[in-house]
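Let's take a look at where this protein keeps its open space and what sits there. Here is the model.

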Amino acid sequence: MIYDEPLYRPPSEAYSLIIQVTIGCSHNKCSFCGMYKSKKFRIRSKSDIFRDLEEMAARYNKVRRIFLADGDALVLKTQDLKDILLKIKELFPYCERVGIYATPNDILRKSPEELKSLNEYGIGIVYLGIESGSDKILKGISKGADSKDMIEAGKRIVNSGIKLSVTLISGLGGKDGREEHARESAKVINEINPDYLGLLTLIIEPGTRMYDLVQEGTFKLLSTEEVALETQMLIQNLELRNCVFRSNHASNYFSLEGTLPHDKSKLLKQLDVVLNNIEDYSGEYFRRL
Ligand code: SF4
């Protein structure tokens, strides 16, 4: 099997077998994202996907987790996804979970019944990049969806029985939008109540529209202290029921991890320590990029 690189997967799929069912991202317009800029979006043929699955099963069929790449494989028609999931069941009898990236619009194109049936066929987790709960910021980054869409898409996954893992990006509102980003993001996350919430920190990639805005001075990046203050406001405003929170990605200046609501005060105390010693966390070398 030969991957069409670059290849991306969520950190929690590090030990999964990755099968590309699409190449690139069907949206590919977010101003900060350079992940799939080198790829023209296409859906791979079922025969090519089945060939990859058969080749990998012949080598080792005791795989427990499979991740369907690239950027938003949930864009596939439900019946095509079911065919792939049936093939996975046939070839990988020990597979316990199939994961997949989705855009909000991929989810909204599927009915609640379709999503429930995908769960029955093996989709166990959907990864959704919410990025921000602020409509102004979502529009500014060309996410292609507003906060209402995000809430509806997120709830549809939660109600389908599929686990939902969402991400927000710290600093996405720049200096001017810091408080709005924190407040509005918390509102959207509270409405959805996902199983997992990951908080990344904005990385500026050359070749993206966001990079140009930073270069021309239109978009002002947050200092480490402002990232910590934004994170503090976000956590203060989160009212969740049993959500695993992680902000320990390579993009983050400082590491936070806990389950909400149980660890809320612990996380806020850790942020106080960061804020009281901010010079110890300031510097790009803290990000393992
Ligand atoms: S939807 Fe995701 S993968 Fe596609 S451009 Fe936006 S951030 Fe990148």
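## What lines the largest pocket

β8 gives the largest share of the lining of the largest pocket, with six residues. Strands here are DSSP runs of E, at least two residues long, and helices are runs of H or I, at least four long, all numbered from the N terminus. β5 (97-102), β6 (123-131), β7 (163-170), β8 (196-201) and β9 (243-247) each put in at least two residues.

The pocket holds about 1400 Å³ of space, counted as the space filled by probe spheres set on grid points that are joined across faces, edges and corners. Of its 50 lining residues, P11, Y101, T167, L200 and H249 are the closest to the centre. A pocket is an open set of points on a 1 Å grid over the protein atoms alone, where a 1.4 Å probe fits, with protein on both sides within 12 Å along at least five of seven lines; lining residues have an atom within 4 Å of a point.

## The ligand

The ligand sits in this largest pocket (more than half of its atoms lie within 2 Å of the grid points). Around the ligand you'll find C25, N28, K29, C30, F32, C33, Y36, T103, E131 and K143, each with a heavy atom within 4 Å of it.

## The second largest pocket

This one has about 350 Å³ of space. Its lining is 18 residues, with I137, L172, G173, G174 and F219 nearest the centre. α5 (135-140) and α8 (209-215) are the elements giving two or more residues.

## About the model

This is a predicted model: local features need pLDDT of at least 70, side-chain atom pairs count only at pLDDT 80 or more, and totals for chains, interfaces and linings use all residues. Residues are numbered from 1 along each chain as its sequence is written, and side-chain values use heavy atoms, leaving out hydrogens and water.
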